[in-house]
Every structure is written in C-alpha cells, then in structure tokens.
Amino acid sequence: MAISTDKTFAANTNSPWLIGNARLIDLSGQLLGAHVAHAGLIMFWAGAITISEVTRFVPDIPMYEQRMTLLPHLATLGWGVGAGGEVINTYPYFVIGILHLIASAVLGAGGLFHVFRGPQILYSSGGQVAKFHYEWNDSQKLGLILGHHLIVLGFGAFLLVLKAMFFGGVYDTHLGDVRLISNPNLDPVKIFSYLVGLKDGNWTLLGMASVDNLEDVIGGHIWIGLILIFGGVWHILVPPFTWVRKILPIDNGEEILSYSLLGLALMGFISAVFVGYNETVYPKEFYGDERDVLATIQCFLGILALAGYFWHYWRSHQSN
C-alpha cells in the first residue's frame with residue numbers, strides 16, 4: 001500500500017523517508033523492527049547518560065547542583081545512598097548503566113534482524129509469530145497486542161514493589177534514610193481517592209501528587225500492577241465492545257498513535273505536578289527545593305505530546 005506524503009514533512013519532495021515509520025504502516029514485521037530499535041535507542045540513551053553522570057559525579061556536591069538527570073532517580077530507588085541521602089557507593093550506578101548499554105545492543109540487534117532478515121509481514125512466517133500480525137481494522141488482534149503491552153507494564157510496576165519491599169528498600173525523605181516498605185497501604189478507598197484529589201477527606205488540587213508517604217506510593221503500585229495485568233488478560237481474551245469503539249474508534253494507525261500521545265500528555269502533566277510539589281517521590285536531597293525548571297520541562301513535553309495527539313487525530317480523519 002502506497003503511503004501518501006500529503007501534509008507531511010515529505011510533501012512536495014522526493015524524500016519519502018521523511019515521513020518516518022509511516023512508510024512501514026502496513027508491514028507488521030518491519031514496523032516491529034523499528035519499534036524494537038527505538039527501544040534500543042532509549043536504552044542506549046539511559047545507559048550512556050548514566051555512565052556519563054557517574055564519571056563526573058562529585059560526592060560532596062548535591063546532585064541537583066551538578067545538574068544530574070538520571071542519578072537522582074537511581075538514588076531515590078535506594079541505590080548507593082545512606083543516611084541523609086549521602087551517596088556512599090557509585091558502583092551500582094555504573095552497573096545499571098552498563099546493563100542498559102548491553103540491553104540496547106540486544107534490542108538494536110533485534111531491530112536490525114526484523115528489518116533486514118525477518119519477514120516484512122509477520123503473517124507470512126506462520127507459527128506463533130503470525131499471532132502478532134495485525135490489521136488496523138481487526139480490533140481483536142489489536143487487543144491481543146495491547147494486552148501483552150499492559151501485562152509487561154504491570155510487571156514493571158511490581159519490580160518497583162519488589163525493590164521497595166524486599167530488595168533493599170527505597171529512600172524515604174521523611175526518615176532521611178533508605179528503608180523497606182514492609183506494610184504497603186492496600187486500602188482501595190484511600191488509594192483511589194487520590195485520583196479525584198481527595199486526601200484525608202479533604203479535596204486538593206494536587207490530586208495524586210498530594211501523597212506524602214511511601215506506604216501509599218507502593219500500595220498504589222500494587223493496585224496499578226494488578227489492574228494492568230488484569231486489563232492485559234482482558235484485552236487478550238475480549239475484543240473491544242462496540243460502544244467503546246464508537247467513543248474511541250480504531251480504524252487506522254494514526255488514530256492509535258493519537259491515543260498513545262494523549263496518554264503521554266497526561267503522564268507529562270501529572271509528572272510536572274509531582275516533580276514541582278511532591279518531596280516524597282522526588283526527595284529534596286536529590287532534586288533540591290527549586291524545581292520550576294524541571295516542572296516546566298515536564299509540562300512542555302506534555303504540551304508537545306498533546307499537540308501530537310491533535311495532529312495525528314486530525315490526520316486519522318483525513319485518511320478515512
């Protein structure tokens with residue numbers, strides 16, 4: 001199927017590659033390769049930046065004064081820090097960076113394999129691989145793929161839970177030290193009240209960012225992990241209902257991309273509030289007290305993703 005370059009960066013040019021992965025929209029095997037390679041690039045960025053920050057880290061100067069990007073996240077997870085948020089061992093950061101670089105090489109090789117050696121269309125290879133071939137109008141197959149993604153995200157949430165509860169704990173800014181979260185709060189009323197801005201019976205504009213203890217944070221991750229895994233199994237087994245498809249139609253790749261960007265925009269706005277106002281999740285020991293720049297960056301990324309949502313949603317209706 002030929003892909004139109006109208007209203008794209010490739011319009012009126014002889015360079016169709018400018019439309020990026022849209023060239024592969026009907027080639028499920030090659031689009032998978034691009035998808036995996038993109039994950040490899042993200043892994044490479046994370047690994048390279050982590051190693052770079054380890055090499056220039058000065059223990060006597062706070063991380064935020066050194067304009068660190070990734071080390072504060074690792075320190076928040078309890079890696080290499082002790083009382084008062086003092087960094088006592090940078091070796092875990094180095095290991096994590098190397099592991100990301102190794103993972104990026106594996107993902108990059110997988111991407112190249114699917115692009116150059118694998119089938120252009122997954123269906124043509126048969127077997128289990130064919131299960132992941134998709135057609136944009138086949139909602140059941142798209143639900144199968146979505147379900148597997150949700151299950152992986154659920155396992156990711158439980159990795160944080162395991163780290164906090166059993167494998168070393170996480171940094172608690174209120175205690176000023178790393179501790180195990182041995183009794184996470186699983187009360188659904190309290191946990192889900194954060195979604196509508198209710199905390200201790202009072203409404204707050206901060207919403208989820210009003211959480212002020214790690215028991216609620218980890219308990220929330222247990223709930224979200226369970227919901228993601230259950231939702232993944234549900235989408236694998238049950239195709240989208242007709243009324244859902246009327247609200248969120250799935251007729252082409254542009255529509256699905258627009259919904260993904262809308263989700264990213266929501267995450268960007270939520271994280272902007274968290275980094276700006278929440279010291280439980282973003283300890284001041286690692287992020288400092290002045291966070292306007294960090295919050296602004298997150299907000300800008302949210303706005304950029306929201307603009308992408310409107311753009312691709314509009315394009316999806318142009319192609320119908």
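Predicted model: local features only at pLDDT ≥ 70, side-chain atom pairs only at ≥ 80, totals over all residues.
Ground rules. I number residues from 1 along each chain as its sequence is written, and side-chain values use heavy atoms, without hydrogens and water. Local features need pLDDT of at least 70 and side-chain atom pairs 80 or more, while totals for chains, interfaces and linings use all residues.

Entry 1, aromatic pairs. I paired rings of Phe, Tyr and Trp (its six-membered ring) with centres within 6.5 Å; planes under 30 degrees apart are stacked, over 60 edge-to-face, the rest tilted. I got nine aromatic pairs. Phe192 and Trp223 are edge-to-face, because their centres lie 5.3 Å apart and their planes stand at 70°. Phe192 is in helix α5 (residues 188-193) and Trp223 in helix α6 (residues 214-237), so this pair ties together parts 31 residues apart in sequence. Helices here are DSSP runs of H or I, at least four residues, and strands are runs of E, at least two, numbered from the N terminus. I also noted a cluster of Tyr309, Phe310 and Tyr313, linked by ring pairs.

I took a nonpolar core as buried Ala, Val, Leu, Ile, Met, Phe, Trp, Tyr and Cys residues joined through side-chain atoms within 4.5 Å; buried means under 20% relative accessible area, exposed over 50%, partly exposed in between (1.4 Å probe, protein chains only). The largest core has 31 residues, and Met63, Leu71, Val81, Tyr93, Ile218 and Phe286 touch the most other members. Helix α6 gives the largest share, four residues. A second, separate core has five residues, among them Trp136 and Ile250.
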